[in-house]
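Thanks for coming, everyone. Let me walk you through one structure. Please take a look at it first.

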Amino acid sequence: MLGVLAACAGVGLAATSGVLISRAALRPADFLSLTLLVTAVRALGLGRAGLRYAERLTGHAAALKAGEGLRLRLFDTVSRFGRDLLAFERGGDLLSRAGPDVDAAQFRFLRVILPLAALAGVLTVLLAGLVGLDPGLALLAVGPLGLAAGAVWAVRPRVARLAREEVTLSREHAARLLDALAGGGDNAATHHAPELARLSERLAGVALRLGRVNAGLALAQEAAFALAVTGVLWRGAALVGAGELSGVWLAGVVLAAAAAFDAAAPLSAVPAADAVAGAAGQRRLALEALAPAVTSPDTPATVPTGPLHLRLENVTVRRAGRTVLDSLNLDLRAGETLAISGPSGGGKTTLARLLSRDLDPDGGRVTLNGADLRTLDLAGLRARLSLHEQDAPLLDGTLRENLHLGDHRASDERLRAVLDGLGLGHLDLNAWVGEGGTRLSGGERARVSVARALLRPAEMLLLDEPTAHLDPETEQRVLAFIAREWSGRGLLIVTHRTAPLGLAQRHLILRAGQLVPAPECPAQTPPTRRQAI
Ligand SMILES: Nc1ncnc2c1ncn2[C@@H]1O[C@H](COP(=O)(O)OP(=O)(O)OP(=O)(O)O)[C@@H](O)[C@H]1O
(Lines give C-alpha, C1' and ligand atoms only; values in the text may rest on other atoms or scores of the structure.)
Protein backbone atom coordinates (compact mmCIF):
# COMPACT_ATOMS: atom_id res chain seq x y z
CA MET A 1 0.00 0.00 0.00
CA LEU A 2 2.79 2.41 0.95
CA GLY A 3 4.54 1.65 -2.35
CA VAL A 4 1.39 2.35 -4.37
CA LEU A 5 0.84 5.61 -2.47
CA ALA A 6 4.47 6.63 -3.03
CA ALA A 7 4.13 6.05 -6.80
CA CYS A 8 0.86 8.03 -6.92
CA ALA A 9 2.46 10.81 -4.84
CA GLY A 10 5.19 11.01 -7.50
CA VAL A 11 2.60 11.63 -10.21
CA GLY A 12 0.83 14.19 -8.02
CA LEU A 13 4.12 15.95 -7.29
CA ALA A 14 4.95 16.24 -10.99
CA ALA A 15 1.46 17.55 -11.78
CA THR A 16 1.41 20.20 -9.03
CA SER A 17 5.00 21.23 -9.80
CA GLY A 18 4.02 21.76 -13.45
CA VAL A 19 1.02 23.86 -12.46
CA LEU A 20 3.08 25.83 -9.94
CA ILE A 21 5.94 26.57 -12.37
CA SER A 22 3.66 27.65 -15.18
CA ARG A 23 1.46 29.74 -12.90
CA ALA A 24 4.52 31.40 -11.35
CA ALA A 25 5.85 32.11 -14.85
CA LEU A 26 2.75 34.19 -15.47
CA ARG A 27 3.79 36.44 -12.52
CA PRO A 28 0.39 36.74 -10.94
CA ALA A 29 -0.32 40.02 -9.21
CA ASP A 30 -1.55 38.20 -6.19
CA PHE A 31 1.47 36.10 -5.20
CA LEU A 32 -0.46 34.56 -2.35
CA SER A 33 -2.46 32.56 -4.93
CA LEU A 34 0.67 30.41 -5.31
CA THR A 35 0.86 29.57 -1.62
CA LEU A 36 -1.52 26.66 -1.82
CA LEU A 37 0.43 25.15 -4.74
CA VAL A 38 3.77 25.67 -2.97
CA THR A 39 2.40 23.91 0.10
CA ALA A 40 1.01 21.08 -2.03
CA VAL A 41 4.38 20.60 -3.78
CA ARG A 42 6.20 20.56 -0.45
CA ALA A 43 3.71 18.16 1.08
CA LEU A 44 3.80 15.81 -1.89
CA GLY A 45 7.60 15.98 -2.12
CA LEU A 46 8.08 15.21 1.55
CA GLY A 47 5.20 12.76 1.57
CA ARG A 48 6.61 10.86 -1.37
CA ALA A 49 10.04 10.60 0.25
CA GLY A 50 8.48 9.57 3.57
CA LEU A 51 6.22 7.01 1.94
CA ARG A 52 9.07 5.57 -0.12
CA TYR A 53 11.24 5.31 3.01
CA ALA A 54 8.46 3.67 5.03
CA GLU A 55 7.70 1.29 2.16
CA ARG A 56 11.36 0.26 1.85
CA LEU A 57 11.65 -0.18 5.60
CA THR A 58 8.50 -2.24 6.11
CA GLY A 59 8.76 -4.07 2.77
CA HIS A 60 12.34 -5.19 3.30
CA ALA A 61 11.76 -6.02 6.95
CA ALA A 62 8.81 -8.24 5.97
CA ALA A 63 10.79 -9.82 3.10
CA LEU A 64 13.80 -10.55 5.32
CA LYS A 65 11.51 -12.01 7.96
CA ALA A 66 9.97 -14.29 5.32
CA GLY A 67 13.50 -15.20 4.16
CA GLU A 68 14.41 -16.13 7.71
CA GLY A 69 11.46 -18.53 7.80
CA LEU A 70 12.49 -20.04 4.45
CA ARG A 71 16.08 -20.52 5.62
CA LEU A 72 14.89 -22.18 8.83
CA ARG A 73 12.67 -24.56 6.83
CA LEU A 74 15.58 -25.38 4.54
CA PHE A 75 17.88 -25.92 7.51
CA ASP A 76 15.23 -28.13 9.06
CA THR A 77 15.02 -30.27 5.93
CA VAL A 78 18.78 -30.47 5.59
CA SER A 79 19.19 -31.45 9.24
CA ARG A 80 16.49 -34.13 8.93
CA PHE A 81 18.52 -35.74 6.16
CA GLY A 82 22.04 -35.02 7.27
CA ARG A 83 24.67 -36.20 4.82
CA ASP A 84 22.10 -38.54 3.20
CA LEU A 85 20.71 -35.49 1.41
CA LEU A 86 23.72 -35.60 -0.88
CA ALA A 87 22.19 -38.77 -2.38
CA PHE A 88 19.41 -36.51 -3.75
CA GLU A 89 21.07 -33.13 -4.03
CA ARG A 90 24.43 -31.88 -5.22
CA GLY A 91 26.42 -29.59 -2.96
CA GLY A 92 26.24 -26.72 -5.48
CA ASP A 93 22.47 -27.09 -5.66
CA LEU A 94 22.17 -26.87 -1.92
CA LEU A 95 24.26 -23.71 -1.94
CA SER A 96 22.01 -22.13 -4.55
CA ARG A 97 18.95 -23.12 -2.49
CA ALA A 98 20.33 -21.28 0.53
CA GLY A 99 21.37 -18.26 -1.57
CA PRO A 100 19.60 -17.28 -4.81
CA ASP A 101 16.51 -19.46 -4.21
CA VAL A 102 15.74 -17.94 -0.81
CA ASP A 103 16.56 -14.50 -2.20
CA ALA A 104 14.16 -14.95 -5.13
CA ALA A 105 11.35 -16.19 -2.89
CA GLN A 106 11.76 -13.63 -0.11
CA PHE A 107 11.81 -10.65 -2.46
CA ARG A 108 9.02 -11.93 -4.74
CA PHE A 109 6.53 -9.49 -3.25
CA LEU A 110 8.83 -6.49 -3.66
CA ARG A 111 10.00 -7.44 -7.15
CA VAL A 112 6.74 -8.74 -8.63
CA ILE A 113 3.61 -7.75 -6.74
CA LEU A 114 4.66 -4.23 -5.70
CA PRO A 115 5.62 -2.96 -9.21
CA LEU A 116 2.35 -4.34 -10.62
CA ALA A 117 0.30 -2.79 -7.83
CA ALA A 118 2.13 0.55 -8.20
CA LEU A 119 1.44 0.62 -11.94
CA ALA A 120 -2.23 -0.24 -11.39
CA GLY A 121 -2.47 2.54 -8.78
CA VAL A 122 -0.83 5.12 -11.06
CA LEU A 123 -3.00 4.13 -14.03
CA THR A 124 -6.13 4.48 -11.89
CA VAL A 125 -5.12 7.87 -10.46
CA LEU A 126 -4.14 9.24 -13.88
CA LEU A 127 -7.30 7.98 -15.52
CA ALA A 128 -9.52 9.27 -12.74
CA GLY A 129 -7.75 12.66 -12.78
CA LEU A 130 -7.85 13.19 -16.54
CA VAL A 131 -11.07 11.60 -17.69
CA GLY A 132 -13.02 14.48 -16.12
CA LEU A 133 -10.93 17.01 -18.07
CA ASP A 134 -11.15 15.19 -21.38
CA PRO A 135 -11.54 11.45 -22.14
CA GLY A 136 -9.25 11.76 -25.20
CA LEU A 137 -6.54 13.36 -23.09
CA ALA A 138 -6.89 10.58 -20.50
CA LEU A 139 -6.63 7.93 -23.19
CA LEU A 140 -3.53 9.52 -24.71
CA ALA A 141 -1.83 9.67 -21.28
CA VAL A 142 -2.83 6.22 -20.08
CA GLY A 143 -2.81 4.31 -23.40
CA PRO A 144 0.98 4.40 -24.03
CA LEU A 145 1.60 3.42 -20.43
CA GLY A 146 -0.68 0.43 -21.01
CA LEU A 147 1.25 -0.35 -24.19
CA ALA A 148 4.56 -0.29 -22.28
CA ALA A 149 3.08 -2.72 -19.75
CA GLY A 150 1.68 -4.83 -22.63
CA ALA A 151 5.15 -5.10 -24.19
CA VAL A 152 6.46 -6.55 -20.92
CA TRP A 153 3.51 -8.95 -20.83
CA ALA A 154 4.20 -10.01 -24.44
CA VAL A 155 7.82 -10.95 -23.81
CA ARG A 156 7.01 -12.54 -20.45
CA PRO A 157 7.20 -16.21 -21.61
CA ARG A 158 10.52 -15.61 -23.38
CA VAL A 159 12.04 -13.78 -20.41
CA ALA A 160 10.73 -16.41 -17.99
CA ARG A 161 12.27 -19.19 -20.11
CA LEU A 162 15.60 -17.40 -20.31
CA ALA A 163 15.62 -16.60 -16.58
CA ARG A 164 14.91 -20.25 -15.70
CA GLU A 165 17.61 -21.38 -18.12
CA GLU A 166 20.05 -18.98 -16.48
CA VAL A 167 19.24 -20.36 -13.03
CA THR A 168 19.58 -23.98 -14.22
CA LEU A 169 22.92 -23.27 -15.88
CA SER A 170 24.20 -21.37 -12.83
CA ARG A 171 23.29 -24.29 -10.56
CA GLU A 172 25.01 -26.77 -12.84
CA HIS A 173 28.03 -24.47 -13.01
CA ALA A 174 28.15 -24.14 -9.19
CA ALA A 175 27.79 -27.91 -8.70
CA ARG A 176 30.57 -28.71 -11.18
CA LEU A 177 32.81 -26.01 -9.77
CA LEU A 178 32.44 -27.49 -6.29
CA ASP A 179 33.18 -30.97 -7.65
CA ALA A 180 36.23 -29.62 -9.45
CA LEU A 181 37.48 -27.93 -6.27
CA ALA A 182 36.75 -30.91 -4.02
CA GLY A 183 38.44 -33.37 -6.36
CA GLY A 184 41.38 -31.14 -7.24
CA GLY A 185 43.91 -33.83 -6.41
CA ASP A 186 42.13 -36.31 -8.69
CA ASN A 187 42.45 -34.10 -11.71
CA ALA A 188 38.77 -33.27 -11.41
CA ALA A 189 39.46 -29.67 -12.47
CA THR A 190 40.86 -30.84 -15.81
CA HIS A 191 37.96 -33.25 -16.19
CA HIS A 192 35.36 -30.55 -15.53
CA ALA A 193 37.14 -27.71 -17.35
CA PRO A 194 35.56 -28.25 -20.82
CA GLU A 195 32.06 -28.55 -19.37
CA LEU A 196 32.61 -25.50 -17.14
CA ALA A 197 33.77 -23.53 -20.18
CA ARG A 198 30.72 -24.70 -22.15
CA LEU A 199 28.41 -23.71 -19.28
CA SER A 200 30.07 -20.29 -19.00
CA GLU A 201 29.59 -19.81 -22.72
CA ARG A 202 25.92 -20.78 -22.51
CA LEU A 203 25.45 -18.49 -19.50
CA ALA A 204 26.99 -15.62 -21.45
CA GLY A 205 24.64 -16.46 -24.36
CA VAL A 206 21.59 -16.40 -22.08
CA ALA A 207 22.73 -13.13 -20.48
CA LEU A 208 23.14 -11.64 -23.98
CA ARG A 209 19.66 -12.74 -25.05
CA LEU A 210 18.17 -11.41 -21.81
CA GLY A 211 20.07 -8.18 -22.37
CA ARG A 212 18.62 -7.89 -25.88
CA VAL A 213 15.08 -8.43 -24.62
CA ASN A 214 15.60 -5.85 -21.88
CA ALA A 215 17.08 -3.38 -24.35
CA GLY A 216 14.03 -3.93 -26.58
CA LEU A 217 11.74 -3.31 -23.60
CA ALA A 218 13.63 -0.15 -22.66
CA LEU A 219 13.28 1.06 -26.24
CA ALA A 220 9.54 0.26 -26.22
CA GLN A 221 9.15 2.18 -22.96
CA GLU A 222 10.98 5.21 -24.36
CA ALA A 223 8.80 5.10 -27.48
CA ALA A 224 5.65 4.83 -25.34
CA PHE A 225 6.90 7.75 -23.22
CA ALA A 226 7.47 9.90 -26.29
CA LEU A 227 4.05 8.89 -27.62
CA ALA A 228 2.33 9.81 -24.34
CA VAL A 229 4.04 13.20 -23.99
CA THR A 230 3.51 14.12 -27.67
CA GLY A 231 -0.08 12.90 -27.63
CA VAL A 232 -0.94 14.75 -24.41
CA LEU A 233 0.74 17.94 -25.70
CA TRP A 234 -1.07 17.70 -29.02
CA ARG A 235 -4.48 17.04 -27.51
CA GLY A 236 -3.88 19.48 -24.65
CA ALA A 237 -2.84 22.26 -27.07
CA ALA A 238 -6.07 21.68 -29.00
CA LEU A 239 -8.05 21.91 -25.76
CA VAL A 240 -6.20 25.07 -24.75
CA GLY A 241 -6.92 26.52 -28.22
CA ALA A 242 -10.61 25.70 -27.79
CA GLY A 243 -10.57 27.35 -24.36
CA GLU A 244 -11.47 24.08 -22.62
CA LEU A 245 -8.20 23.84 -20.70
CA SER A 246 -5.93 26.48 -19.28
CA GLY A 247 -2.28 26.47 -20.34
CA VAL A 248 -1.30 26.35 -16.69
CA TRP A 249 -3.09 23.02 -16.23
CA LEU A 250 -1.63 21.67 -19.47
CA ALA A 251 1.86 21.84 -17.95
CA GLY A 252 0.63 19.82 -14.97
CA VAL A 253 -1.03 17.23 -17.19
CA VAL A 254 2.06 16.76 -19.37
CA LEU A 255 4.36 16.36 -16.37
CA ALA A 256 1.93 13.95 -14.69
CA ALA A 257 1.77 11.80 -17.84
CA ALA A 258 5.58 11.79 -17.99
CA ALA A 259 6.01 11.01 -14.26
CA ALA A 260 3.61 8.07 -14.55
CA PHE A 261 6.30 6.27 -16.58
CA ASP A 262 8.41 6.01 -13.44
CA ALA A 263 5.99 3.28 -12.39
CA ALA A 264 6.63 1.37 -15.64
CA ALA A 265 10.42 1.27 -15.21
CA PRO A 266 10.60 -1.66 -12.72
CA LEU A 267 8.16 -3.69 -14.84
CA SER A 268 10.82 -5.13 -17.15
CA ALA A 269 12.36 -7.06 -14.23
CA VAL A 270 9.01 -8.55 -13.17
CA PRO A 271 8.77 -11.60 -15.52
CA ALA A 272 12.28 -12.82 -14.69
CA ALA A 273 11.80 -12.30 -10.95
CA ASP A 274 8.44 -14.06 -11.10
CA ALA A 275 9.80 -17.03 -13.07
CA VAL A 276 12.84 -17.46 -10.82
CA ALA A 277 10.75 -17.18 -7.65
CA GLY A 278 8.22 -19.68 -9.06
CA ALA A 279 10.96 -22.18 -9.94
CA ALA A 280 12.55 -21.70 -6.49
CA GLY A 281 9.17 -22.38 -4.85
CA GLN A 282 8.72 -25.59 -6.87
CA ARG A 283 12.21 -26.77 -5.95
CA ARG A 284 11.50 -26.04 -2.30
CA LEU A 285 8.27 -28.05 -2.37
CA ALA A 286 10.02 -30.93 -4.15
CA LEU A 287 12.74 -30.98 -1.50
CA GLU A 288 10.24 -30.82 1.35
CA ALA A 289 8.30 -33.70 -0.22
CA LEU A 290 11.37 -35.96 -0.01
CA ALA A 291 11.21 -38.34 2.89
CA PRO A 292 14.46 -39.04 4.73
CA ALA A 293 15.33 -42.69 5.22
CA VAL A 294 14.86 -42.19 8.94
CA THR A 295 12.20 -40.07 10.62
CA SER A 296 11.38 -39.51 14.25
CA PRO A 297 7.95 -40.87 15.25
CA ASP A 298 5.20 -38.27 15.83
CA THR A 299 4.81 -39.38 19.44
CA PRO A 300 8.14 -40.95 20.33
CA ALA A 301 8.50 -43.23 23.32
CA THR A 302 11.20 -42.32 25.82
CA VAL A 303 14.35 -44.35 25.49
CA PRO A 304 14.24 -47.21 28.04
CA THR A 305 16.58 -46.77 30.96
CA GLY A 306 18.84 -49.43 32.43
CA PRO A 307 21.95 -51.08 31.05
CA LEU A 308 22.02 -50.84 27.28
CA HIS A 309 21.05 -53.93 25.29
CA LEU A 310 20.96 -53.55 21.49
CA ARG A 311 19.57 -56.37 19.42
CA LEU A 312 19.16 -57.07 15.71
CA GLU A 313 16.26 -59.46 15.12
CA ASN A 314 16.01 -61.07 11.66
CA VAL A 315 17.28 -57.86 10.14
CA THR A 316 17.33 -57.59 6.36
CA VAL A 317 18.71 -54.60 4.46
CA ARG A 318 18.62 -54.20 0.70
CA ARG A 319 20.67 -51.52 -1.02
CA ALA A 320 20.38 -50.78 -4.72
CA GLY A 321 18.47 -54.04 -5.23
CA ARG A 322 21.09 -56.17 -3.46
CA THR A 323 20.50 -57.89 -0.14
CA VAL A 324 23.32 -56.59 2.05
CA LEU A 325 22.15 -58.00 5.38
CA ASP A 326 20.06 -61.15 5.27
CA SER A 327 17.83 -62.09 8.27
CA LEU A 328 20.66 -61.22 10.60
CA ASN A 329 20.60 -61.62 14.40
CA LEU A 330 22.95 -59.97 16.87
CA ASP A 331 23.06 -59.09 20.56
CA LEU A 332 25.20 -56.33 21.97
CA ARG A 333 25.01 -55.69 25.69
CA ALA A 334 26.24 -52.97 28.01
CA GLY A 335 29.95 -53.21 28.62
CA GLU A 336 30.43 -55.83 25.89
CA THR A 337 33.00 -55.35 23.14
CA LEU A 338 32.52 -56.77 19.68
CA ALA A 339 34.54 -56.57 16.48
CA ILE A 340 33.07 -57.18 13.06
CA SER A 341 35.25 -57.67 10.03
CA GLY A 342 34.50 -58.91 6.55
CA PRO A 343 34.93 -58.18 2.87
CA SER A 344 34.61 -54.67 1.51
CA GLY A 345 31.03 -53.79 0.60
CA GLY A 346 29.81 -56.61 2.86
CA GLY A 347 27.59 -54.33 4.97
CA LYS A 348 29.69 -53.57 8.07
CA THR A 349 29.02 -49.82 7.93
CA THR A 350 25.38 -50.54 7.17
CA LEU A 351 25.18 -52.61 10.36
CA ALA A 352 26.73 -49.84 12.48
CA ARG A 353 24.35 -47.29 10.97
CA LEU A 354 21.37 -49.52 11.85
CA LEU A 355 22.37 -49.42 15.51
CA SER A 356 22.54 -45.61 15.62
CA ARG A 357 19.34 -45.50 13.53
CA ASP A 358 20.92 -43.67 10.63
CA LEU A 359 19.17 -46.33 8.61
CA ASP A 360 16.08 -48.52 9.15
CA PRO A 361 15.97 -52.19 8.19
CA ASP A 362 13.81 -53.37 5.28
CA GLY A 363 12.86 -56.42 7.31
CA GLY A 364 13.09 -57.40 10.98
CA ARG A 365 13.81 -54.91 13.73
CA VAL A 366 16.51 -53.33 15.83
CA THR A 367 15.70 -52.96 19.51
CA LEU A 368 17.08 -51.14 22.53
CA ASN A 369 16.16 -52.86 25.78
CA GLY A 370 13.26 -54.49 23.94
CA ALA A 371 11.87 -51.32 22.30
CA ASP A 372 11.95 -50.99 18.49
CA LEU A 373 14.31 -48.11 17.63
CA ARG A 374 11.67 -46.76 15.20
CA THR A 375 9.35 -45.98 18.13
CA LEU A 376 11.96 -44.13 20.18
CA ASP A 377 12.90 -40.49 20.43
CA LEU A 378 15.76 -40.15 17.94
CA ALA A 379 17.76 -37.57 19.88
CA GLY A 380 17.37 -39.59 23.11
CA LEU A 381 18.55 -42.74 21.36
CA ARG A 382 21.57 -41.10 19.78
CA ALA A 383 22.52 -39.50 23.10
CA ARG A 384 23.26 -43.01 24.38
CA LEU A 385 25.42 -43.92 21.38
CA SER A 386 28.52 -42.45 19.87
CA LEU A 387 29.38 -43.15 16.25
CA HIS A 388 32.71 -42.59 14.54
CA GLU A 389 32.05 -42.77 10.82
CA GLN A 390 34.64 -43.86 8.31
CA ASP A 391 35.93 -40.73 6.54
CA ALA A 392 33.68 -38.48 8.64
CA PRO A 393 34.17 -34.93 7.37
CA LEU A 394 35.21 -32.28 9.85
CA LEU A 395 33.44 -29.01 10.38
CA ASP A 396 34.99 -26.00 8.66
CA GLY A 397 36.11 -24.34 11.90
CA THR A 398 38.68 -24.59 14.63
CA LEU A 399 39.86 -27.83 16.17
CA ARG A 400 38.11 -26.84 19.41
CA GLU A 401 34.79 -26.35 17.61
CA ASN A 402 35.12 -29.78 16.03
CA LEU A 403 35.83 -31.45 19.34
CA HIS A 404 32.95 -29.61 21.00
CA LEU A 405 30.62 -31.43 18.62
CA GLY A 406 31.40 -34.43 20.82
CA ASP A 407 30.88 -32.63 24.12
CA HIS A 408 30.24 -28.91 24.02
CA ARG A 409 30.94 -28.60 27.73
CA ALA A 410 34.38 -30.23 27.63
CA SER A 411 37.14 -27.99 29.03
CA ASP A 412 40.28 -27.20 27.05
CA GLU A 413 42.25 -29.41 29.49
CA ARG A 414 40.00 -32.36 28.70
CA LEU A 415 40.25 -31.70 24.95
CA ARG A 416 44.04 -31.52 25.15
CA ALA A 417 44.18 -34.73 27.18
CA VAL A 418 42.17 -36.58 24.53
CA LEU A 419 44.29 -35.11 21.72
CA ASP A 420 47.46 -36.11 23.57
CA GLY A 421 46.16 -39.63 24.07
CA LEU A 422 45.56 -39.98 20.35
CA GLY A 423 48.99 -38.58 19.42
CA LEU A 424 47.62 -35.20 18.36
CA GLY A 425 49.26 -33.14 21.10
CA HIS A 426 51.05 -31.05 18.46
CA LEU A 427 47.77 -29.58 17.20
CA ASP A 428 46.55 -26.20 18.46
CA LEU A 429 42.93 -26.07 19.65
CA ASN A 430 42.55 -22.71 17.93
CA ALA A 431 43.88 -24.00 14.60
CA TRP A 432 41.47 -23.79 11.70
CA VAL A 433 41.09 -27.28 10.21
CA GLY A 434 39.97 -26.11 6.75
CA GLU A 435 36.88 -27.20 4.84
CA GLY A 436 36.20 -30.85 5.65
CA GLY A 437 39.50 -30.90 7.58
CA THR A 438 41.69 -30.37 4.51
CA ARG A 439 44.40 -28.62 6.55
CA LEU A 440 45.01 -31.87 8.45
CA SER A 441 46.54 -35.09 7.23
CA GLY A 442 44.23 -38.05 6.57
CA GLY A 443 45.38 -39.77 9.76
CA GLU A 444 44.99 -36.60 11.85
CA ARG A 445 41.52 -36.05 10.44
CA ALA A 446 40.47 -39.58 11.35
CA ARG A 447 41.85 -39.20 14.88
CA VAL A 448 40.04 -35.88 15.42
CA SER A 449 36.86 -37.71 14.46
CA VAL A 450 37.71 -40.53 16.92
CA ALA A 451 38.41 -37.89 19.59
CA ARG A 452 35.01 -36.37 18.95
CA ALA A 453 33.36 -39.77 19.35
CA LEU A 454 35.31 -40.50 22.56
CA LEU A 455 34.28 -37.17 24.07
CA ARG A 456 30.59 -37.96 23.75
CA PRO A 457 29.11 -38.96 27.10
CA ALA A 458 27.53 -42.12 25.63
CA GLU A 459 27.23 -45.75 26.72
CA MET A 460 28.04 -47.47 23.44
CA LEU A 461 30.81 -46.50 21.03
CA LEU A 462 30.45 -47.54 17.39
CA LEU A 463 33.81 -47.25 15.64
CA ASP A 464 33.89 -47.67 11.87
CA GLU A 465 37.50 -48.25 10.79
CA PRO A 466 39.02 -46.12 13.59
CA THR A 467 42.64 -46.72 12.52
CA ALA A 468 42.29 -46.86 8.72
CA HIS A 469 44.87 -44.15 7.96
CA LEU A 470 47.42 -44.85 10.67
CA ASP A 471 50.91 -46.32 10.76
CA PRO A 472 51.27 -49.37 13.07
CA GLU A 473 52.89 -47.42 15.91
CA THR A 474 50.24 -44.69 16.00
CA GLU A 475 47.57 -47.36 15.62
CA GLN A 476 48.83 -49.07 18.80
CA ARG A 477 48.76 -45.79 20.67
CA VAL A 478 45.25 -44.92 19.50
CA LEU A 479 43.86 -48.37 20.33
CA ALA A 480 45.44 -48.29 23.80
CA PHE A 481 43.89 -44.90 24.45
CA ILE A 482 40.45 -46.02 23.24
CA ALA A 483 40.67 -49.07 25.52
CA ARG A 484 41.52 -46.84 28.48
CA GLU A 485 38.95 -44.15 27.76
CA TRP A 486 36.07 -46.45 26.99
CA SER A 487 36.73 -49.02 29.68
CA GLY A 488 33.55 -50.58 31.05
CA ARG A 489 31.32 -49.26 28.29
CA GLY A 490 29.97 -51.02 25.18
CA LEU A 491 32.10 -51.01 22.06
CA LEU A 492 31.52 -52.14 18.48
CA ILE A 493 34.44 -51.99 16.08
CA VAL A 494 33.97 -52.43 12.38
CA THR A 495 37.29 -52.99 10.69
CA HIS A 496 39.38 -54.63 8.00
CA ARG A 497 42.54 -54.41 10.07
CA THR A 498 43.85 -56.97 12.48
CA ALA A 499 45.07 -54.74 15.31
CA PRO A 500 41.68 -53.28 16.38
CA LEU A 501 40.30 -56.79 16.77
CA GLY A 502 42.41 -57.01 19.93
CA LEU A 503 40.08 -54.58 21.70
CA ALA A 504 37.12 -56.93 21.39
CA GLN A 505 35.94 -59.89 23.45
CA ARG A 506 34.07 -61.31 20.46
CA HIS A 507 34.93 -61.26 16.77
CA LEU A 508 32.37 -61.94 14.06
CA ILE A 509 32.76 -61.93 10.30
CA LEU A 510 30.10 -60.43 8.08
CA ARG A 511 30.02 -62.33 4.84
CA ALA A 512 27.22 -62.73 2.26
CA GLY A 513 24.80 -60.90 4.54
CA GLN A 514 25.39 -63.24 7.49
CA LEU A 515 27.40 -62.96 10.70
CA VAL A 516 29.60 -65.94 11.51
CA PRO A 517 32.09 -66.35 14.37
CA ALA A 518 35.70 -65.76 13.36
CA PRO A 519 37.48 -69.12 12.99
CA GLU A 520 40.31 -68.21 15.29
CA CYS A 521 41.55 -65.26 17.27
CA PRO A 522 43.83 -63.07 15.16
CA ALA A 523 47.23 -62.14 16.45
CA GLN A 524 46.43 -59.57 19.07
CA THR A 525 49.16 -57.03 18.78
CA PRO A 526 47.38 -54.12 20.44
CA PRO A 527 46.82 -54.04 24.16
CA THR A 528 43.58 -55.64 25.21
CA ARG A 529 41.22 -53.47 27.22
CA ARG A 530 42.33 -55.16 30.39
CA GLN A 531 46.02 -54.66 29.62
CA ALA A 532 45.43 -51.03 28.77
CA ILE A 533 43.80 -50.31 32.10
N1 LIG B 1 23.64 -44.75 0.47
C2 LIG B 1 23.69 -45.91 -0.19
N3 LIG B 1 22.82 -46.15 -1.18
C4 LIG B 1 22.85 -47.31 -1.85
N5 LIG B 1 23.71 -48.29 -1.58
C6 LIG B 1 24.60 -48.11 -0.61
C7 LIG B 1 24.65 -46.92 0.13
N8 LIG B 1 25.63 -47.01 1.04
C9 LIG B 1 26.19 -48.22 0.86
N10 LIG B 1 25.57 -48.87 -0.14
C11 LIG B 1 25.87 -50.21 -0.61
O12 LIG B 1 25.66 -51.11 0.46
C13 LIG B 1 26.66 -52.11 0.44
C14 LIG B 1 27.29 -52.23 1.82
O15 LIG B 1 28.01 -51.06 2.07
P16 LIG B 1 28.79 -50.84 3.43
O17 LIG B 1 29.34 -49.45 3.40
O18 LIG B 1 27.93 -51.20 4.56
O19 LIG B 1 29.95 -51.90 3.30
P20 LIG B 1 31.24 -52.11 4.20
O21 LIG B 1 31.29 -53.54 4.56
O22 LIG B 1 31.27 -51.14 5.32
O23 LIG B 1 32.36 -51.76 3.14
P24 LIG B 1 33.85 -51.20 3.38
O25 LIG B 1 34.57 -52.23 4.17
O26 LIG B 1 34.37 -51.09 2.00
O27 LIG B 1 33.72 -49.89 4.08
C28 LIG B 1 27.64 -51.78 -0.67
O29 LIG B 1 27.36 -52.62 -1.76
C30 LIG B 1 27.33 -50.35 -1.01
O31 LIG B 1 27.49 -50.12 -2.38
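**The chain, the sheet and the ligand**

Start with contacts: two residues are in contact if their C-beta atoms, placed from the backbone, lie within 7 Å. Among contacts in the chain between residues at least 6 apart in sequence, 78% join residues at least 24 apart.

A word on the source. This is a predicted model: local features need pLDDT of at least 70, side-chain atom pairs count only at pLDDT 80 or more, and totals for chains, interfaces and linings use all residues. Residues are numbered from 1 along each chain as its sequence is written.

Next, the elements. The chain has 15 helices and 10 strands. These are DSSP runs, numbered from the N terminus: helices are H or I with at least four residues, strands are E with at least two.

Now the sheet. Six strands form an open sheet, in the order β6-β7-β8-β3-β9-β10, with mixed pairing. Two strands pair if DSSP finds at least two bridges between them. At the edges sit β6 (385-388) and β10 (514-517), each pairing on one side only. Inside the sheet, β3 (residues 337-341) and β9 (residues 506-511) run parallel, joined by four bridges. One partner pair there: S341 bridges to I509 in β9. Helix α9 packs on this sheet, touching β3, β6, β7 (460-464), β8 (490-494) and β9.

So what about the ligand? Which residues come nearest to the ligand? They are R319, S344, K348, T349 and T350, out of 13 around it. Near means a C-beta atom, placed from the backbone, within 6 Å of the molecule. Helix α9 (residues 348-355) gives the largest share of that shell, three residues.

Note on methods. Axes fitted to C-alpha atoms, helices over the stretch in contact; angles between N-to-C directions.
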